[in-house]
Amino acid sequence: MTTQSRKLFLDLPREILVEVLSYLHHKDIALCRRVCTALNALVEANTALLYLIELGIEGYTDGFPGRLSSSERLKQLLLRRNRWLTLDWSGTLPLKPEEVVPQSTLPYELQGGMFLNVKDNTGLVAMNRTVLPTSQHPQSEFSCRTLDTKALDITADSTQDLLVMLDTRGRVHFWSLSSQTPHPQATEPVLRPGGAGSLLITALHIAHDLVALIEWLNFVHITIWNWKTGKTIIQGHRSSLLYYATSLAWLSSRAFVLSDASRGELAIYSLENVDCVSPAEPALINELQPCARLQLPRIENCWHISHFELETTPLVAESPRDRPFSIDQESNLIVFTMQYVTYNHRRVSSRYMGFVYSRYLRSYVNEGHHGEPTKLVPWAQWGPRNTRVLSQTSMNAAFARYVHGQRVVQSRLHYLGERNMVSVYDFNVHPARIASVIRSQECGRGGVTIVDDEAKLRDSSQAEAYMDVVDFPTVIARGSQEGLQCHPFAEDVRSTLPFIETSRVIESGAGKSVQFMMDEERLIEIRVSPHSVPPY
């Protein structure tokens, strides 16, 4: 921008300048502040522009227009940032165990501020629905509805008022989440009315108008439907699968990633060239060309994968109408967990948890062109710079929904072995976020005191947290061992994706296993007997 053009631009009325800047990306608004003192003062004095900058820094999108002004939204946004980074929860509310503790073999879901779980009490199957508390509505709301069929899996999208249930006969039901009656937009409220065989393990995933189901009979089946039209879009089973797919995660409403346990790869697919509304015939999944196959670290020949799962934030069709802002789905993490065993089953590896941004995986969809061969990407080319891989010797993620947006929650033991802790790994390491916590601590405004050493954390009655920016590499050395568990890798596994770790000591119950789930606003602590924790 020349001096003359800058002068002409700044001569525009203030309201027009603000309107023009509001259409820019948050990074560009921040850059405009560096152009001159006049633009910096303009942005600094306008709460709406500051709100847009902070939304972008947090990886959020603005919600629907409501009664809250930009100033009030900005205040809530900054408060939530600091509370998450310091684990400064505003309060705790006990919920009845019979309402919210999942039974190990029955389905549950945490979505849209609601906790859903199926209970089986002496043969009477019921769906529990708990609307979780918020700062505006501090009391939970519980309801229960008896089901006329046994549920094997459930999932939901509250923005579409959609509840999807797979019953034990293999039928797929589409209900209204609020009324638990057939959804009015579903042309066929029940798919596969004739049922399926004896299902062993299942996983349902919603992405806008599509629903994916991975199920294990005698072998793996993958099916994707359009739940509104009732049409089968993609199907595949052992004879049409070129690999052993163990899990699926949506990257967008028209792209997904599969975990391939037979090859140790993440296979990325695009549906952009597939009729996802009303195809005459479903496509076989082996007819889809993966955009890319991303290889995991190489392992020694005597090892193979025994566990390979994906977890991410559920995709929703639109921003929730009851929130001032919400997670930008561009910022979602994909968590991939792995465990290995030798072919003679004499040695078992540690469990590993890997983190990668959904947008990075989706970049291979954007790069690919229809008809091009699949891009095979060795670990050394993508893993070290774009992931973080941690050994799970001291972490536990028995329940799903432990990841939301850019955060992951873990329950673990204090390294002294006498204290239970909750740790949140936040992969948004923007300097402005860290600086805001430092300023709050220096001014004494924080409700939680940050200590510089995890060993200084005392009992749960102390409002103290340990926070550390992990910007140094994690290296899992080839041939090393942690306790009785071995590392199977054929070379050192190095990963560098930075994150912020925040930990607090929590109260522990005698003989109880403490686990956590999370959503945008809440941590949910679940205490169960160790023998009742569902299989990993």
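Reader: Contact means heavy atoms within 4.5 Å. So which residues does T502 touch, leaving aside neighbours within four places in sequence?

Author: T502 is in contact with L85, T86, L87, V422, S423, V424, A465, Y466 and M467. This is a predicted model: local features need pLDDT of at least 70, side-chain atom pairs count only at pLDDT 80 or more, and totals for chains, interfaces and linings use all residues. Residues are numbered from 1 along each chain as its sequence is written, and side-chain values use heavy atoms, without hydrogens or water.

Reader: Where is T502 found? And is T502 buried or exposed?

Author: T502 belongs to strand β35, residues 499–506. Strands (E, at least two residues) and helices (H or I, at least four) are DSSP runs, numbered from the N terminus. T502 counts as buried because its relative accessibility is 2%. Buried is under 20% relative accessible area, exposed over 50%, partly exposed in between (1.4 Å probe, protein chains only).

Reader: How far apart are T502 and Y466, in sequence and in space?

Author: They are 36 residues apart in sequence, with 5.5 Å from C-alpha to C-alpha.

Reader: L85 and T86 were on that contact list. Which residues of α6 are buried?

Author: L85 and T86 are among them, along with R73, L74, L77, R80, R81, N82 and W84.

Reader: What happens just after α6?

Author: L87 takes a positive phi of about 50 degrees.

Reader: At what angle do α6 and α10 cross?

Author: Roughly 85 degrees, with the axes coming within 10 Å; α10 is residues 431–443. Axes are lines fitted to C-alpha atoms, for helices over the stretch in contact, and angles run from 0 to 180 degrees between N-to-C directions. So α6 and α10 are roughly perpendicular. That label covers 65 to 115 degrees; under 35 is roughly parallel, over 145 roughly antiparallel, and the rest oblique. R81, N82, L85 and T86 of α6 meet A432, R433, S436, V437 and S440 of α10.

Reader: And how do α2 and α4 pack?

Author: At about 80 degrees, axes 11 Å apart, for residues 14–22 and 37–44. They are therefore roughly perpendicular as well. R14, L17, V18 and L21 in α2 meet L39, L42 and V43 in α4.

Reader: New topic. How many aromatic pairs are there?

Author: A search of the whole structure finds 15. Rings of Phe, Tyr and Trp (its six-membered ring) pair with centres within 6.5 Å; planes under 30 degrees apart are stacked, over 60 edge-to-face, the rest tilted. Y360 and W382 are stacked, at 6.3 Å and 10 degrees. This pair links α8 (residues 358–367) to α9 (residues 379–386), 22 residues apart. W382 counts as buried because its relative accessibility is 0%. W379 and W382 have centres 5.2 Å apart and planes at 75 degrees, so they are edge-to-face.

Reader: Which residues make up the ring cluster?

Author: F336, Y360, Y364, W379 and W382, linked by ring pairs.

Reader: Which charged ends sit over the rings of F64 and W175?

Author: R321 sits over F64, 4.0 Å from the ring centre. R145 sits over W175 at 5.8 Å. The test is NZ of Lys or CZ of Arg within 6 Å of the centre and within 35 degrees of the ring normal.
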